[in-house]
Amino acid sequence: MGALLSLPMLALPGVGTVMSVAASCCGAATCSMVCSACGKCGNSVATRIAYALLLLVNSVLSWIMLTPWAIKKLEHLAFDYVKINCPTGQCYGWLAVHRINFALGLFHLIFAGLLFGVASSKNPRAALQNGYWGPKVIAWIAFIVLSFLIPDQFFQFWGNYISFIGGMLFLILGLILLVDLAHNWAEYCLRKIEDTDSGVWRTVLLGSTLGMYLGSLAMTIIQYIFFAQGDCAMNQAAITINLLFWLGISFLSVHPSVQEYNTKAGLAQAAMVGVYCTYLTMSAVSMEPDDKLCNPLIRAQGTRTTSVVIGAIVTMLTVAYTTTRAATQSLGLGNNRGGIRLPDDDDEHNLVTQQPGRREMRAEVLRRAVEEGSLPADALLSDDDDDESSNNTPHDDERSYTQYDYSVFHIIFFLATCWVASLLTSATEGDRTSDGNFATVGRTYWASWVKIISAWFCYCLYIWTLVAPILLPERFDS
């Protein structure tokens, strides 16, 4: 997983294009357009898209600031009338990346505090989350400017410790959500098969499982052929350990003891975890330095460009899924809104004297259907017919309760900025290479080992989900 591993690809069409796109995306009008032009999608969906765009633009800007080219380009855009100089060090490079990501991270931390405890869009503070995009973009830019006035010593500490720890937490969160996705996908297909007895869903489940196994096998063969020749002991060990893990979870998923405690466990989950971890391992060996002649991609410009394209697509999808999934599934992170709440009784025995109302029960049924994927999130838009509905924002799907915990959402985005900063600055430490005017991203042994260990950790997480019901049956009786 890993954010923005292949950002250099974004600059291939032309640096001027990147700058113009970034400039237009940074405008408040773009964020407002996303929120207003989302059609019938709810307020919460448009808001998450807008924040994701803000993270993307911030990441692109951070990557560009890795090289002196950025400062020269900015001066050129100002017709050389403005000379950019930093009194306490360089305006680009390691410190600049951490300054820019610190600015966006601080932005999200402030919003996490301001929005703590917001339960629905009826709370006046909810407007801070879903609106005021002009002032928010201005505040983000102001934080970036102010960050360059903070002494370098602060960012040396921040980058080496705080940002690194935050980035690791973001990685772990992404792996947990990946394992959760594997189980949910298989269980969703099985539920559809049981409910509809449809051959289509059987084909989808079997086809996706077989396809992911074939994909894992193909990537493993490619790794052995191209990245495990000669004295490449690190690559040989990483590829072999990944293969053993992959075979191990496949065997464990269909073991009779596991099936006895979890009848829905199977090869579908193992296939998804296996293909993702195999991709992580392949990404690690294909992005390591070529000092030992173990990475032929660096010596093949055309092949490297292809890998950058694939890496950019997969990485962007992974980061988008991680943030969105964490926001919508924040029930496990402390958000227990949306359930039916029975009125509290003042009696000493706390007896329930009222049943939930019809309207309350309908809202709960819709919420559970949306969580299970049976209905789209838009179904919640029709569930508010009270007299106050005329005063609410159109397409507001959070009138009864928020779709996700706002504070948790912003904390996750803060962790994402930490990971982006750690990943980008790894290119400036130790072995640093460049592609033209741009610094390459993730081509260090540090980045490779992070991916390899992340794959092993993901395997261990999945194995734990299989054996936990056996070891702790009382916790999984339901």
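Biologist: Why is N101 called buried?

Modeller: In this predicted model, N101 has a relative accessible area of 3%. Buried means under 20%, so N101, at 3%, is classed as buried. The residue is found in helix α5.

Biologist: What makes the pairing of the N101 side chain with the side chain of N58 a polar contact?

Modeller: The two side chains are 3.3 Å apart in that contact. The cut-off for a pair of N or O atoms is within 3.5 Å, and therefore 3.3 Å qualifies. The side chain of N101 also makes a polar contact with the side chain of S62, at 3.0 Å, a value that meets the cut-off of 3.5 Å as well.

Biologist: Which residues is N101 in contact with, leaving aside its neighbours within four places in sequence?

Modeller: They are N58, S62, T417, V420 and A421. Contact here requires heavy atoms within 4.5 Å.

Biologist: Which residues touch the most other members of the largest nonpolar core?

Modeller: Y51, F107 and W140 do, in a core of 48 residues. Helices α3, α4, α5, α7, α8 and α15 each give two or more residues to this core, and α15 gives the most, with 12 residues.

Biologist: What does F107 touch, not counting residues up to four places away in sequence?

Modeller: F107 touches Y51, L54, K136, W140 and F143.

Methods:
Residues numbered from 1 in each chain as written. Predicted model: local features only at pLDDT ≥ 70, side-chain atom pairs only at ≥ 80, totals over all residues. Heavy atoms only, no water. Core = buried A, V, L, I, M, F, W, Y, C linked by side-chain atoms within 4.5 Å. Buried < 20%, exposed > 50% of the residue type's maximum accessible area, 1.4 Å probe, protein only. Helix = DSSP H or I, 4+ residues; strand = E, 2+ residues; numbered from the N terminus. Polar contact = N/O pair within 3.5 Å; in protein donor to acceptor, adjacent residues only side chain to side chain.
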